[in-house]
Amino acid sequence: MTTTPIVLLHAFPLDHRMWDDVAADLGRTHRVLAPDLPVPVGEPLPDPSLEDAADHVAAVIRGAGDGPAVVAGLSMGGYVALALLERHPELVAGLALVDTKSTADTPEAAARRRSVADEVQAAGTVDPVRGMPDVLLGETTRSARPEVVERVTAWIGEQDPARVAWAQRAMAARPDRTDVLADFRGPVVVVVGDEDEVTGADSAEHMAAAVDQALLVVVPRVGHLSAVEDPAAVRTALAELLQRVHEPRG
Ligand code: MLT
């Protein structure tokens, strides 16, 4: 077991379980930390801000006591990873940005999020986001792998509406953090499913171009939830990143 922990930050509207298949294998060689965002389930929610979620992740890394971590975030998890990098750069040894983007929402997208948050809160259920597997999963998964669709649908159905509304409001308020990424001097891998319709190739290329020597990995036949749809491919990309952290190149 090496000393660098790996932190896996989940997407919206899901929880740490979306990383289970990736974590199972990585856990043989690394300490894996997969916190629920923004705080453990059952704890009072802070005001909606990804910065608070990043501070919680910082506390988790410090609590593990093993020094800086490799941080991997998928979608919302990537937004939190960049907030962590801005606020606690000393805790980030390497960064994996998976099906995510470094830019802010347009005013229209932010307004849509706030209105979904209001709907979820008013309904007191996750009904307004229950259909999200249709956009989160790639066309190939949706048409050929019903068990994956079922699994993601079940996870969404189990979310707390208050946490779903929190996440939408927090994401709506996030700034563009491309500059934070560009200033990072550690190794970076950018991963994107080639059927990702939420944060696709353009977002991935934008992030990879901001960094010196980023590795860009395109995973075939998967959508936005690459870590669920093809955990082996994401694991391989993370293993390469861990290797770069342990044996930095010139
Ligand atoms: C996610 O997967 O975390 C969400 O799709 C992110 C977003 O809505 O921007």
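Let's start with Asp105, which counts as buried at 15% relative accessibility. Keep in mind, everyone, that this is a predicted model. Asp105 has a salt-bridge partner, Arg174, with the closest N and O atoms 2.9 Å apart. What does that pair tie together? Asp105 sits in the loop between strand 4 (92-98) and helix 4, while Arg174 sits in the loop between helix 8 and helix 9 (178-183), so the contact links parts that are 69 residues apart in sequence. Arg174 is buried as well, at 5% relative accessibility.

In total, the structure holds 14 salt bridges. Another one pairs Asp15 with Arg17, at 2.8 Å from N to O. Here Asp15 is buried, with a relative accessible area of 10%, whereas Arg17 is partly exposed at 23%.

Then there is Arg130 with Asp127, also a salt bridge, at 2.8 Å from N to O. Arg130 is partly exposed at 36%, and so is Asp127, at 47%. Going back to Asp15 and Arg17, salt bridges with shared partners join these two and Glu158 into one network.

Helix 4 supplies the largest share, 4 residues. By class, the lining has 11 nonpolar, 3 polar and 4 charged residues.

Thanks, all!

Notes: Residues numbered from 1 in each chain as written. Predicted model: local features only at pLDDT ≥ 70, side-chain atom pairs only at ≥ 80, totals over all residues. Heavy atoms only, no water. Helix = DSSP H or I, 4+ residues; strand = E, 2+ residues; numbered from the N terminus. Nonpolar A, V, L, I, M, F, W, Y, C, P; charged D, E, K, R; others polar. Salt bridge = Lys/Arg side-chain N within 4 Å of Asp/Glu carboxyl O. Buried < 20%, exposed > 50% of the residue type's maximum accessible area, 1.4 Å probe, protein only.
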